[in-house]
Structure formats: structure tokens, C-alpha cells
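Please look over the sequence and the model below before reading on.

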Amino acid sequence: GLQSTPKLFGHRLRLCSTHCDMFRRQLAFLVGGIGAIGVSNAAAAAAAFLQQCQSAGGAHCASDGRDHAMLQTKSGKVEKMSNSVSCCFAFEDASDKCGSCHAGSTAQPGSFCATSEDHCKSCSPHAAWCTGDGAAPTPAPAALVPQPSPQETGPSTVDIAPHSPGSSLTTSKEWINGTWTTGYWDCCKPSCSWAGKGHVNKPVLSCDTHTGEKLFDPNVKSACDGGSSASCTDNKPFIVKRRLSMGFAAAAVSGSSGLTGDENCGQCYELKFTDEIHPNGNWGGSHPDLVGKSMVVQVTNIGQDVTGEHSFDLQIPGAGQGIFDSGCEAQFDGFSKQDFDCANKYGGCDEKKGCARLPEALRSGCEWRYDWYHWLEGQGKTNNPYVNFRRVQCPKQITDISWSVPLDDHLFPTIDLDAYD
């Protein structure tokens with residue numbers, strides 16, 4: 001959060017996608033996004049999707065826009081199915097993934113994810129390849145997605161065509177310079193956890209406010225709106241090497257950074273902190289020890305109302321809840337809303353000792369802000385640091401947390417951990 005002015009970025013967009021809107025997104029993706037299969041084939045595929053939705057007895061259908069649809073019954077309960085499946089994305093028992101695979105949570109027969117165990121694992125690091133009788137299932141022709149040709153062997157995912165004429169889908173590998181960052185933590189369900197956001201194998205996972213478990217249903221209402229879906233505590237930043245951290249962030253899409261909106265959901269960026277100073281004299285920039293360090297973040301939220309050179313709002317516990325100050329109190333019993341940002345909605349705790357007010361699960365992320373990020377040192381001038389950034393392939397350390405992988409991830413450079421001391 002900003003030090004001296006209210007943070008408009010607190011108004012991050014969190015619109016609940018209605019089930020009708022999910023179908024419209026799916027139809028738009030099929031007709032506008034996959035030009036390679038032609039309009040007539042796309043229309044047929046869209047009709048098949050609608051029929052699939054209706055065949056569940058009027059059930060709600062949520063889709064990640066590519067390989068599978070998670071179906072729910074009218075009662076809202078997810079049905080179990082036998083272990084004669086191909087690639088299972090969601091299950092009830094991690095020790096018996098195939099035996100407890102939820103109905104509708106497998107890759108569509110014949111889709112990229114269903115053609116081999118390697119493809120299955122590339123679509124989600126937590127997916128299970130299930131054969132039932134010990135042999136790989138024979139996939140049937142798919143209607144929903146175009147099939148990669150045999151020579152297409154992307155290391156992690158299959159590429160997709162631009163989603164519309166003049167698409168702003170981020171494809172540049174170049175560094176973007178001269179933008180600055182802020183921080184927040186409001187416990188709300190991430191915007192990118194709703195279905196239909198981004199071009200990913202599945203939405204970023206949120207967590208249940210009562211149990212802390214990962215939620216595979218993208219339709220659970222946000223804790224900030226009276227529901228039980230919240231940001232997971234493992235979305236806090238963490239140190240990988242002395243000069244490299246990782247974490248999650250909201251993308252500021254109305255500024256000059258080149259970030260565009262929902263399409264950025266799930267994408268990963270390397271932020272390299274620079275020594276630029278804010279021009280108005282009210283705040284400084286990076287601490288000297290932060291300059292040259294890097295942080296890799298995955299976009300989990302979208303900010304539609306930010307102007308200027310603002311690029312990312314880092315998820316940092318204790319950094320300020322902004323206007324959404326009801327989620328954390330709902331997620332953690334026995335704490336007041338003031339505990340989560342030291343009663344400072346825009347900027348958060350001024351000192352490391354304030355982290356002791358947070359729940360234990362969040363404290364290490366709060367302390368990271370002072371130990372690695374050097375918040376408010378140098379007479380309070382080290383804050384809201386400038387960065388150069390570029391898109392990169394999402395590291396396993398991040399996707400193991402979010403379970404979300406961009407479909408075009410293999411087009412971007414990997415992070416070489418050996419290059420960081």
C-alpha cells in the first residue's frame with residue numbers, strides 16, 4: 001500500500017462469474033480463440049459443451065476453458081466415480097487419487113491432457129494418470145479442443161492461437177522498465193480463482209476459510225462477500241535464494257505496464273528491483289540491498305482502476321487490507337480486522353514486531369517484508385520499490401501451490417536457480 005495516499009488499488013475487481021457468463025466465456029473461447037478448428041467446428045463444440053451442462057440435470061458447469069469441465073449435481077455435492085478414468089484433476093483422497101476422482105474432473109477423452117501420462121502431468125502437476133485395469137485408456141475423438149499434431153511436443157503445455165483479432169495476450173519476452181510495486185493482503189478469494197479467467201489449465205486455487213483446504217470448485221463465494229473461499233496462506237512470499245524470492249501478486253492493468261486484465265491470470269513474471277526513486281519526495285524506492293534482487297510472482301488478482309506506472313501489488317501479509325477488510329477476520333477466528341494490518345489499511349504494519357499480531361500461518365510472510373524486502377528502512381524511505389519485469393515460465397515452486405499453469409508457458413524463459421546467489 002502507499003504511504004501517504006489512499007490506495008485505489010484496493011478496489012481490485014472481484015466479480016462473481018455467473019454460470020451463464022461461464023458459458024459465454026467458453027463459447028467466446030471456442031469461436032474466437034481457436035481459429036484453427038474453424039467456426040463451424042467451434043460452434044459444434046460449443047453446442048456439445050452446452051449439452052454436457054444440460055445432461056447433468058440442469059447442473060452448473062464450470063470450465064477452465066480448455067481440457068475439462070467440473071460438474072456439480074443440483075445438491076452441490078460432487079459425485080465420485082470409478083477409477084476407470086484417464087487424467088484426473090480433482091480427487092477427495094490424495095492417497096487414492098484414482099479411486100476418489102470426482103465426477104467430471106477428468107480430461108475430456110481425446111484432449112491433449114488425456115493422450116498420455118506425460119501430457120496429463122504437464123496439464124497439472126498434481127494430476128493423476130489412472131488406467132483402471134493397468135493399461136492406458138484408449139482416447140475417443142474430442143469435440144471441445146483442437147488436437148496437437150504428433151510433432152507438437154511442448155515441454156509443459158500445448159500452445160493456443162490468439163483468442164481474438166488484435167489480442168493483447170502477453171507474448172513478449174522483453175523486459176518492461178520503469179514501473180513500481182505495492183503490497184496488500186486482504187484474504188479475499190483471488191479474482192483469478194473464478195472460472196474462465198486467463199488461458200490456463202485450471203483457475204488458481206483458493207482455500208476454505210473453515211478447514212484451510214484447497215478448493216477445487218471455482219464457484220465458491222468469496223470470504224469478503226460472506227462466502228467461504230479465501231486466499232490460501234501459502235500465497236505469502238518466500239525466499240528461494242539469497243537474491244531470489246517467489247510469491248503471488250495482483251496485476252495493475254490500467255497503467256502503462258502493458259498488463260491487460262483477466263488474460264494475465266496465472267501468468268508468471270520476474271521482477272528485478274531497481275534503484276529508481278519516486279519523484280514526489282514522499283516515498284523513496286528500493287533499499288540498496290534490494291536493488292538487483294529478483295522476485296518471481298504469479299498473477300492471482302486483477303486491478304482495473306490503477307493508473308500511471310504501477311505494475312504489481314504483491315501479496316504480503318500485514319501490508320494492508322485496503323477497503324476489503326472483512327475477509328481475514330472471517331478466515332481466522334480470534335483475531336480482529338485491525339490485527340491483520342496493524343490498524344493501517346493502506347500501508348500496513350510499520351515495524352516487524354507488528355507481525356506478531358497476525359496468525360502464525362501468515363507471520364513468516366509478514367516478516368519477509370522486513371528481512372528480505374527491507375520495508376521502511378532508511379528513515380522510512382524504502383517502500384513501493386521500482387522494478388523491471390518480464391514474463392517467464394512459472395516455476396514448479398509456484399505451480400505446486402496454485403495448481404494453475406498457463407497454456408503457453410513453454411514459450412517463455414525458465415528461471416535458472418543457479419544464476420542467483
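This is a predicted model: local features need pLDDT of at least 70, side-chain atom pairs count only at pLDDT 80 or more; totals for chains, interfaces and linings use all residues.

In soluble globular proteins, nonpolar side chains tend to be buried together. Here the largest nonpolar core has 37 residues, and the members that touch the most others are Tyr-269, Leu-271, Val-297, Phe-312, Leu-314 and Tyr-373. Two or more residues of this core come from each of β10 (244–252), β11 (268–273), β12 (294–303), β13, α5 (360–371) and β14 (386–392). Another core lies apart from it and has eleven residues, including Phe-248, Val-392, Ile-401 and Tyr-420.

Leaving aside residues up to four places away in sequence, Tyr-373 touches Thr-181, Phe-273, Leu-290, Leu-314, Ile-316, Trp-368 and Pro-385.

The structure contains eleven aromatic pairs. In one of them, Phe-273 and Tyr-373, the ring centres are 5.9 Å apart and the planes are at 75°; an angle over 60 degrees counts as edge-to-face, so this pair is edge-to-face. Phe-273 belongs to strand β11 and Tyr-373 to the loop between α5 and β14, so the pair ties together parts that are 100 residues apart in sequence. Both residues, Phe-273 and Tyr-373, are buried. Phe-312 and Phe-389 form another edge-to-face pair, with ring centres 5.1 Å apart and planes at 85°. This pair also links distant parts of the chain, since Phe-312 is in strand β13 and Phe-389 is in strand β14, 77 residues apart. Phe-312 and Phe-389 are buried.

Phe-273 and Tyr-373 also belong to one aromatic cluster, together with Trp-368, Trp-372 and Trp-375. Over the ring of Trp-375 sits the charged end of Arg-369, 3.9 Å from the ring centre. Elsewhere, Lys-189 lies over the face of Trp-194, at 3.3 Å from the ring centre.

Asp-325 is found in the loop between β13 (310–315) and α4 (327–331). Is Asp-325 buried or exposed? Its relative accessible area is 13%, and buried means under 20%, so Asp-325 is buried. Which residues does Asp-325 touch, not counting those up to four places away in sequence? They are Lys-337 and Lys-345. With Lys-345 there is a polar contact of 3.0 Å between the side chains. Asp-325 and Asp-186 are 139 residues apart in sequence, and their C-alpha atoms are 6.2 Å apart in space.

Terms used: Residues are numbered from 1 along each chain as its sequence is written. Side-chain values use heavy atoms; hydrogens and water are left out. Helices (H or I, at least four residues) and strands (E, at least two) are DSSP runs, numbered from the N terminus. Buried means under 20% relative accessible area, exposed over 50%, partly exposed in between (1.4 Å probe, protein chains only). Contact means heavy atoms within 4.5 Å. A polar contact is a pair of N or O atoms within 3.5 Å; within protein, one must be able to donate a hydrogen and the other to accept it, and residues adjacent in sequence count only if both atoms are side-chain atoms. A nonpolar core is a set of buried Ala, Val, Leu, Ile, Met, Phe, Trp, Tyr and Cys residues joined through side-chain atoms within 4.5 Å. Rings of Phe, Tyr and Trp (its six-membered ring) pair if their centres lie within 6.5 Å; planes under 30 degrees apart count as stacked, over 60 as edge-to-face and the rest as tilted. A charge sits over a ring if NZ of Lys or CZ of Arg is within 6 Å of the ring centre and within 35 degrees of the ring normal.
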